[in-house]
Amino acid sequence: IIDANSTRIFEQEIRDSEKHIILAKRNLTEVMAKQMQTARELAQLQQSIKEHEGYALQALDQGNETLAIEVAEKISELETSHSEQQQANESYLKNAQRLKDLIKKSDRQLMDYKRQLSMIKTTESVQKATSAITDNFTASNSKLLNAKDSLERIKAKQALFDDQLKAAEQLESEDTDQSLKNKLKEAGIGEKTSSAQSILDRLKTK
């Protein structure tokens with residue numbers, strides 16, 4: 001029989017794994033949300049850089065180099081922010097993809113474990129049923145053997161009683177025959193025993 005305690009431990013480990021996967025999916029959602037936010041900020045920075053590049057060109061066209069340099073400094077700040085956001089965005093994308101792969105792999109493994117747990121429980125149920133049937137058969141077989149012994153004892157007692165009855169009938173019959181012979185002998189009927197005197201008398205007549 002499968003160790004029930006091991007089955008419970010395995011089942012608990014599956015439940016724990018499910019909780020971890022749920023938590024990982026929640027973390028993935030947060031990472032993806034931050035990546036989307038970073039992507040929007042990148043787009044805004046890119047748009048702002050283009051606008052300020054236009055402002056710088058207009059300042060140069062007007063011969064206002066001082067204003068153009070100020071705008072160029074602003075463009076430099078925007079490009080630095082854009083570079084930082086770009087790195088953050090790429091990091092979020094990589095982490096999100098890594099989490100997706102891990103979650104997908106864990107989900108497949110978890111499904112496999114659940115199938116195996118189902119098979120283990122089914123096997124355990126079958127083994128318990130088989131054990132119960134075997135125990136019941138053993139008990140029934142023992143009862144059948146006991147019943148057989150009881151039947152043999154009953155038959156033996158009945159046979160003994162029949163033998164005793166036949167013996168009594170035989171004795172009664174023998175007693176009846178002997179009594180009848182005695183009565184016939186007393187009446188001088190039936191077989192006569194030859195005495196020594198009768199034998200001498202018979203011999204003298206010859």
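Visitor: Why is aspartate 112 counted as partly exposed?

Guide: Buried means under 20% relative accessible area, exposed over 50%, and partly exposed in between (1.4 Å probe, protein chains only). Aspartate 112 has 26% relative accessibility, so this residue counts as partly exposed. The model is predicted: local features need pLDDT of at least 70, side-chain atom pairs count only at pLDDT 80 or more, and totals for chains, interfaces and linings use all residues. Residues are numbered from 1 along each chain as its sequence is written, and side-chain values use heavy atoms, leaving out hydrogens and water.

Visitor: What makes phenylalanine 10 count as buried?

Guide: Its relative accessibility is 18%, so phenylalanine 10 falls in the buried class.

Visitor: Why is the pair of phenylalanine 10 and tyrosine 113 called edge-to-face?

Guide: Rings of Phe, Tyr and Trp (its six-membered ring) pair if their centres lie within 6.5 Å; planes under 30 degrees apart count as stacked, over 60 as edge-to-face and the rest as tilted. Here the centres are 5.8 Å apart and the planes stand at 75°, so the pair is edge-to-face.

Visitor: How do you know that lysine 121 and glutamate 11 form a salt bridge?

Guide: A salt bridge requires a side-chain nitrogen of Lys or Arg within 4 Å of a carboxyl oxygen of Asp or Glu. The closest N and O atoms of lysine 121 and glutamate 11 are 2.8 Å apart. Lysine 121 belongs to helix H2 and glutamate 11 to helix H1, so the contact ties together parts 110 residues apart in sequence. Helices (H or I, at least four residues) are DSSP runs, numbered from the N terminus.

Note on methods:
Helices (H or I, at least four residues) and strands (E, at least two) are DSSP runs, numbered from the N terminus.
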